[in-house]
Amino acid sequence: MPYAVSFQQVSRHFGSVRAVDAVDLEIEAGEFFAMLGPSGSGKTTCLRLIAGFEQPTSGHIEIFGETAEGVPPYRRNVNTVFQDYALFPHLNVADNVAYGLMIRGVGKAERTREAEAALEMVKLPGYGARKPGQLSGGQRQRVALARALVNKPKVLLLDEPLGALDLKLREQMQEELKVLQKALGITFVFVTHDQGEALSMADRIAVFNEGRIMQTGTPEEIYRRPKTRFVADFVGSSNVLSPQLTERLAGVAEWSSLRPEDIRLGSEGGHEASVTGTSFLGSATRLSLDVTGEKISVLLPSGARVPEQGESVRFSWDTSALHLMGPQA
Amino acid sequence: MRSDKQSRTPMGLKIAAGAGLAFLHLPILLIFLYAFTTEDKSYQFPPPGLTLKWFAVTWNRPDVWEALGLSVRVASISTVVALVLGTLCAAAISQTRFFGREAISLLVILPIALPGIITGISLRSAFNLAEIPFSFWTIVLGHATFCVVVVYNNAVARFRRVSGSLIEASMDLGADGFQTFRHVILPNIGTALLAGGMLAFALSFDEVIVTTFTAGQQATLPIWMLEELVRPRQRPVTNVVAMVVVLVTFLPILAAYYLTRDGDQISGQGK
């Protein structure tokens, strides 16, 4: 079975800017794959390379074993859910969804039936006659999803599709997308800058920074065993400890990461630190500690006693919680 | 509050506004009135009597039909040329980035800012230099210079609203360039093109200055009217034709206004 998408040393340069820089990437068929990174990290350009809106400056791309370079977007069996949804304003919802079928020459009756089925799948049955302008952001998003899925693509690309939705709707859509992906068995490639979204939805994640992939792995791996300082910091704001501090705390002169929620406060044992700030997050309280000049944050579960600012505390962790990343991470 | 909506407009201002509007439009009504006069030597006021016979006389004058036919053909072909070139130009300017884009945008609009007499003289000397005989096609060419601008201005404003991602979405869903134009771009810029085309038609239909310089022996309707006023045969015939011109040019402008009212303003009415 070939990979759904494979990149071999793919670069895309815009003038002197290396938007994508020698990226190797393999996405398995049927997997929910997230491309995670800050804005400008090259994740969206990678998505556009798969869709065919961009062509690589160098390197080789395959989609299900077929060479993709030089193939225009309209000849690729790949569909995209755009960040701004890009619904056609002059067409009603049903015609928007049926657009791909219309282009392929599918008859009117079958088109209507399939569009309605796709709308039902995204829980918008009976919305066909409305214009996109009459829909809410969440509904537009579902229409965009139906419009892409009705073509039965081999790969569905989603470009920050939940970015414009409010928190509650976003959580609901995350769940629905996951259920939909499992039910359809289509490969989903999802671009996001929200690490929580990537961790909760994806089977595997590629973390991007400055046009390169920093690490690829399951959410668990990325979260528990970050390979670099960037990954540790970007995925869930882990504490990145310098080799000096790691040596003082654990006896090894390497960069390390220590998750805020893995740190316990106690009255004896462990190491000493002073509290420099506290902020209440609702389900937890974030504590900033100063340990010989380096800042460490600690997540206290709600209900625990919150020390005063300036108070001296002692902290400790399970040995397995401290993750070493090597001297050069 | 001084800016209270309830406050009364001063009577003097009302009268001034009324007088201004009357000054603008009464002469036009007078033109209409003299189309019905029984007296054909001078514009005597009030007309000694009213008659509809000039409509019949006009109908039977072959020179009127000739001029009208020429004007309609010139305006139609200029509009078609303007629609094709203006749309292509607007697409290039609004959808792509290239060196010299701003300069080209300015150069396209320039003919409408130039006085017609400059356009006319320069075209005439250019035709002379190239030894192109004046004909129907030189008139069309002259009119196309400003018609393109009107179409371009209307189309470019609408093109900006067709976001790039709509075109990408269409391509993503399997449509090639032509299908995307037909199913996505055209429906979105259609009314702007219609409005631009109607304005272009109206502008071409009553154009005098550029036409004087680029026409050979042919007389378009406005030129014919000018000649009639200098050497009148049956004076009210000119008034009847004037009414027709007003209707033929006013209706498209009105239609263009209503078609684009919800969207962009119509650019280029000021020519």
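Two residues are in contact if their C-beta atoms, placed from the backbone, lie within 7 Å. The model is predicted: local features need pLDDT of at least 70, side-chain atom pairs count only at pLDDT 80 or more, and totals for chains, interfaces and linings use all residues. Residues are numbered from 1 along each chain as its sequence is written, with chains lettered from A and ligands numbered from 1 in the order in which they are written.

**Exercise 1.** Describe the side of chain B that touches chain A.

*Solution.* 
- Step 1. Count the residues: 14 of chain B are in contact with 16 of chain A.
- Step 2. Find the elements. Helix H7 (164–172) and helix H8 (177–205) of chain B each give two or more residues. Helices here are DSSP runs (H or I, at least four residues), numbered from the N terminus.
- Step 3. Pick the largest share: H7(B), with 6 residues.
- Step 4. Sort by type: 7 nonpolar, 4 polar and 3 charged. Ala, Val, Leu, Ile, Met, Phe, Trp, Tyr, Cys and Pro count as nonpolar, Asp, Glu, Lys and Arg as charged, and the others, Gly among them, as polar.

**Exercise 2.** Describe how domain 1 and domain 2 of chain A meet.

*Solution.* 
- Step 1. Count the contact: 7 residues from domain 1 of chain A, 4 from domain 2.
- Step 2. Sort the domain 1 side: 2 nonpolar, 1 polar and 4 charged.
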